[in-house]
Amino acid sequence: LHPGVEHDLSRLRTVGSTGSPLPADLFDWVKTEVGGVVEVSSISGGTDVVSAFAGGTAGVPARPGELATRYLGVDLHSWSPAREPLVGEVGELVITTPMPSMPIGFWGDADGSRYRAAYFDHEWSDGPAPGVWRHGDWVTVTERGSLIIHGRSDATLNRNGIRMGSADIYEVVEGLAEVTEAFVVGVDGPDGAYWMPLFVVLAAGRELDDALTGEIRAAIRTRLSPRHVPDDVIAAPGVPHTRTGKKLEVPVTAILAGHSEVSLD
């Protein structure tokens, strides 16, 4: 697609993106194919709070792969397991003060138990923090105040004690011309076994042969680490998403782990 050539976009100043954090290479695509003065506003938050936690804003440049700033009224931090604020390190995305827009309960949840379980009942290393909203995302708050979202913390890949964000793998794999979308999960098995398959949706006319499998593994190994290399690479006809475009990693992990009851919330 070449929208900057095919249309008059001279008055366009901002392109917004939601659903999932926009990969770094698509920031560059906007600059090249939409317009050099167009800012990219990739946001995080959305459905739960009818608002956003962070994203782009006028006057704050957005670096590729980053959300430019925390939004007004959002007391957002990255926390370690011991509830220590982190800068320049991956931690849990938390909101430590009530926001102007956020839910106060769920429909049909008379005692509030489902609501509390969804956001507030996380057990930190020193116990619960009942007044802290834990959103379920890995995030890095940079020294500049921008944010990098690394994927769902409740669908964490944890191989040999090393925690990894699925979004980091997607950025690498989906940057390959032969792959249109990727989907990775980590499944715990008996006796400490762990299986990390990578499902890929291929571009038209492509097949997942040994050469392409090797290219995918090499890209992950080189750009991330050997620990990120999946146990299996499997061709898939598609990837399941929520209505807002987020990949359904948690329920698919539960299905592959053999759980009989799976929630698609």
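Begin by selecting S78, which stands opposite L93 of strand β7. Please bear in mind that the structure on display is a predicted model.

Strand β6 covers residues 76-79, and its pairing with β7 is antiparallel, with four bridges.

Five bridges connect β10 with β7, and the two run antiparallel. To find a pair of facing residues here, select E92 and W138: E92 stands opposite W138, which belongs to β10.

Return to β6 and β7 and select the loop between them, where R83 is found. The phi angle of R83 is near 65°, a positive value in a residue other than glycine. R83 has 29% relative accessibility and therefore counts as partly exposed.

V50 is not a glycine, yet its phi is positive, at about 50°. Is V50 buried or exposed? Its relative accessibility is 72%, so V50 counts as exposed.

Move on to helix α5, residues 210-223, and select T213 within it. T213 counts as buried because its relative accessibility is 17%, and the limit for a buried residue is under 20%. Which residues does T213 contact, once its neighbours within four places in sequence are left aside? They are L208 and V233.

Finally, select the whole protein chain. Its secondary structure consists of six helices and 18 strands. The C-alpha atoms occupy a box of roughly 55 × 55 × 35 Å along the principal axes. For 265 residues, a compact globule would have a radius of gyration near 18 Å, and the 19 Å of this chain agrees with that. Of these residues, 43% count as buried.

With the surface displayed, the chain exposes about 14,500 Å², of which carbon and sulfur atoms supply 54%. Colouring by charge will show 21 positive and 36 negative side chains, with the centres of the two sets 4 Å apart. Among contacts with a separation of 6 or more, 54% come from residues 24 or more positions apart.

Note on methods. Residues are numbered from 1 along each chain as its sequence is written. This is a predicted model: local features need pLDDT of at least 70, side-chain atom pairs count only at pLDDT 80 or more; totals for chains, interfaces and linings use all residues. Side-chain values use heavy atoms; hydrogens and water are left out. The radius of gyration is taken over C-alpha atoms; the globule rule is 2.2 Å times the number of residues to the power 0.38. Buried means under 20% relative accessible area, exposed over 50%, partly exposed in between (1.4 Å probe, protein chains only). Contact means heavy atoms within 4.5 Å. Accessible areas come from the Shrake-Rupley method with a 1.4 Å probe; for residues, only the protein chains shown count as cover. Lys and Arg count as positive and Asp and Glu as negative; His and the chain ends are not counted. The place of a charge is taken as NZ of Lys, CZ of Arg, CG of Asp or CD of Glu. Two strands pair if DSSP finds at least two bridges between them.
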